Amino acid sequence: SAHGNPLRAAAMGFDETGKLAVLTWLTLDRLVRGTVPVDQLRGPVGIVHVGARVADRGFMYLVFFLAMISVNLAVLNFLPLPIVDGGLFLYLAYEAVRGRPPSVRFQNAATMAGLLLLGSLFVVTFYNDVMRLVSGG
């Protein structure tokens with residue numbers, strides 16, 4: 001506990017944010033390895049559903065939940081996918097090494113692949129959310 005010390009509270013916040021980021025990376029790793037089933041993923045509908053349940057527990061629980069969502073989105077944004085910032089960073093790194101950017105054709109194809117991947121993920125999570133709501137889970 002910070003015991004009213006704002007510097008200690010900020011340090012604790014950074015520490016917790018780091019832990020959540022690592023947990024998000026580990027979860028992604030486990031998804032890829034298949035040790036965490038895809039049906040555990042939640043999309044926008046599931047997040048709102050869980051958020052409403054968390055909000056019923058109190059304001060601080062909701063703040064923590066929103067912070068957790070923000071950290072998850074930050075980690076996902078830095079993935080090396082062409083459609084998010086991590087992919088753009090890869091393009092910049094490629095340009096720094098090669099002295100020229102990747103071809104427009106490659107960038108377009110990579111963007112389409114990224115869109116397909118994220119679109120598929122959205123469909124799967126939306127399906128999971130709807131099935132949870134229908135089954136009452």
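Visitor: How do the residues of the lining of the second largest pocket divide into nonpolar, polar and charged?
Guide: They divide into six nonpolar, two polar and one charged. Here Ala, Val, Leu, Ile, Met, Phe, Trp, Tyr, Cys and Pro count as nonpolar, Asp, Glu, Lys and Arg as charged, and the others, Gly among them, as polar. A caution: this is a predicted model, where local features need pLDDT of at least 70, side-chain atom pairs count only at pLDDT 80 or more, and totals for chains, interfaces and linings use all residues. Residues are numbered from 1 along each chain as its sequence is written, and side-chain values use heavy atoms, with hydrogens and water left out.

Visitor: Which residues line the second largest pocket?
Guide: Gly13, Glu16, Thr17, Leu20, Met60, Val63, Phe64, Ala67 and Val71. A pocket is an open set of points on a 1 Å grid over the protein atoms alone, where a 1.4 Å probe fits, with protein on both sides within 12 Å along at least five of seven lines; lining residues have an atom within 4 Å of a point.

Visitor: And which element gives the largest share of that lining?
Guide: α3, with five residues. Helices are DSSP runs (H or I, at least four residues), numbered from the N terminus.

Visitor: What volume does that pocket have?
Guide: About 170 Å³. Volume means the space filled by probe spheres set on the grid points, which are joined across faces, edges and corners.

Visitor: Now the largest pocket. How much space lies in it?
Guide: About 1300 Å³. It is lined by 33 residues, and Leu28, Leu41, Arg42, Asn72 and Leu76 are the closest to its centre. Two or more lining residues come from each of α1 (6-33), α2 (44-55), α3 (59-77) and α5. The largest share, eight residues, is from α1.

Visitor: What's the lining like by class?
Guide: There are 24 nonpolar, seven polar and two charged residues.

Visitor: New topic. How many salt bridges are there?
Guide: Four. A salt bridge is a side-chain nitrogen of Lys or Arg within 4 Å of a carboxyl oxygen of Asp or Glu. Side chains of opposite charge can pair when their charged atoms come close.

Visitor: Which residue does aspartate 15 meet in a salt bridge?
Guide: Lysine 19, at 3.4 Å, N to O. Both are in helix α1, four residues apart, about one turn of the helix. Asp15, Glu16 and Lys19 are linked in a network of salt bridges.

Visitor: Is aspartate 15 buried, exposed or partly exposed?
Guide: Aspartate 15 is partly exposed, because its relative accessible area is 41%. Buried means under 20% relative accessible area, exposed over 50%, partly exposed in between (1.4 Å probe, protein chains only).

Visitor: What about arginine 132 and aspartate 129, buried or exposed?
Guide: Both are buried. Their side chains meet in a salt bridge too, at 3.5 Å, N to O.

Visitor: Last one. Which residues form the nonpolar patch on the surface?
Guide: Phe122, Val123, Phe126, Tyr127, Val130, Met131 and Val134, with about 680 Å² of accessible area together. For such a patch, residues need over 30% relative accessible area and no salt bridge, and nonpolar side chains (Val, Leu, Ile, Met, Phe, Trp, Tyr) are joined within 5 Å, like charges within 9 Å. Areas come from the Shrake-Rupley method with a 1.4 Å probe; for residues, only the protein chains shown count as cover.

Visitor: Where does valine 134 lie?
Guide: In helix α5 (residues 104-135).
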